[in-house]
Amino acid sequence: MKRSIVVSCVLLALAVAVCVWADAAIERALDHADALRLRALAMAESGDEKGAVETITRLAAYWAKCEPLMEMLTSHEDIHRVREAFVSAKLLLQRGDHVGFEESMALLGEWLEHIHTLETISLANIF
Amino acid sequence: MATIFIRAVLLYALLIAAIRALGKRQLSQLQPYEFALSLVFADLVATPIANISTPLLHGMLPIAAIIILHTALTIACMCSDRARSFISGRPVIVMSRGVIDELALRRLSMSVADLLEGVRECGILDPGDVEAVIVEADGSVNAFRKKEAEPLCARDLDARVGREGIPLVLIMDGKVQRANLALAGKDEGWLSALLAENGVDAARVLLASLATSGDLRLQERSGAVRTIRALSANEVQW
């Protein structure tokens with residue numbers, strides 16, 4: 001019995017540690033990606049299209065770096081949708097389609113928020 | 001494709017480890033909360049195996065949570081009778097002194113046909129031979145014969161019979177079982193000498209078991225079965 005209690009306590013500690021670490025890692029990635037998204041939007045709105053494209057490229061590079069870890073922690077479909085959104089936003093901006101660009105960036109924000117919502121402990125998620 | 005294969009191997013290994021950690025009862029009769037656990041485990045493992053876009057942690061963490069909860073419930077059941085009866089239920093006597101308790105049967109949602117089926121599964125054909133029937137917490141039925149319907153045993157005949165303990169398997173599939181030899185207070189040298197004396201090669205023995213009577217019964221791979229006198233009565237230590 002003593003061994004079962006010890007094993008359960010170790011397992012509980014490990015599970016809590018993994019959950020806390022995973023939450024922190026996902027939040028960090030999402031926050032940084034959203035910050036880059038907002039910066040790119042602000043640059044495009046102020047007329048600095050080149051700067052906006054560079055920022056989206058940085059966002060793409062950052063997301064590619066985070067992807068292996070993110071794919072271990074959350075749904076692959078959500079991660080790929082984020083990537084699709086900023087690839088689409090970059091192409092639209094390069095073509096001069098500002099309306100389409102803003103729509104894509106809004107969608108990107110929604111997907112980032114969606115991942116954040118899924119990872120949050122809430123009554124909606126539990127039930 | 002290889003990914004699915006590797007995920008299946010990892011999750012299967014985790015499942016085996018989890019079931020071993022939960023104890024041997026998982027493999028035999030299940031309490032209600034253990035039965036629920038078996039159902040949930042299967043589903044938790046199946047989804048991450050088949051769906052690569054679901055992280056492996058989405059299968060492993062719930063399994064860990066269930067192991068922790070199961071251990072807590074098991075400890076509660078071991079430490080408290082009240083907790084055990086609340087979580088697992090209590091055994092119920094549905095027949096006593098040969099009389100069926102219809103109310104008890106109805107509370108268990110059992111019919112008389114179910115009762116008779118349980119009695120037959122215990123090897124009793126005639127319900128008139130039954131003294132008592134208990135339905136255990138795990139749902140299994142245990143039926144007990146009336147004294148006059150029980151087979152004769154040595155005690156009824158006042159016969160003195162020797163003790164019959166657990167036979168020790170000394171050779172299994174040609175391999176010597178050292179732990180059992182140690183239990184018998186002997187070593188491989190003794191076994192080799194005994195077998196050589198009787199013209200038997202240990203590597204060609206399929207099964208050799210040492211009974212508490214001191215007889216070593218062995219079956220060779222050729223199919224030949226022999227009994228060798230291995231120990232005297234006072235040499236039997238286990």
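The accessible surface of chain B in this predicted model comes to about 15,000 Å², and carbon and sulfur atoms hold 58% of that area; accessible areas come from the Shrake-Rupley method with a 1.4 Å probe, and for residues only the protein chains shown count as cover. Of the chain's 238 residues, 30% are buried (under 20% relative accessible area, with exposed meaning over 50% and partly exposed in between; 1.4 Å probe, protein chains only). Chain B has nine strands and eight helices, taken as DSSP runs numbered from the N terminus (helices H or I, at least four residues; strands E, at least two). Among contacts in chain B with a separation of 6 or more, 46% join residues 24 or more positions apart, a contact being heavy atoms within 4.5 Å.

Turning to chain A, a surface patch of negative charge brings together A:Glu45, A:Asp97, A:Glu102 and A:Glu103. Patch residues have over 30% relative accessible area and no salt bridge, with like charges joined within 9 Å and nonpolar side chains (Val, Leu, Ile, Met, Phe, Trp, Tyr) within 5 Å. A salt bridge is a side-chain nitrogen of Lys or Arg within 4 Å of a carboxyl oxygen of Asp or Glu. Asp and Glu count as negative, Lys and Arg as positive, while His and the chain ends are not counted; each charge is placed at CG of Asp, CD of Glu, NZ of Lys or CZ of Arg. A:Asp97 sits in the loop between α3 (76-95) and α4 (98-119) and is partly exposed, at 33% relative accessible area.

A:Phe127 lies in the segment after α5 (123-126) and is exposed, with 80% relative accessibility.

Residues are numbered from 1 along each chain as its sequence is written, and chains are lettered from A and ligands numbered from 1 in the order in which they are written. Local features need pLDDT of at least 70 and side-chain atom pairs count only at pLDDT 80 or more, whereas totals for chains, interfaces and linings use all residues, and side-chain values use heavy atoms, leaving out hydrogens and water.
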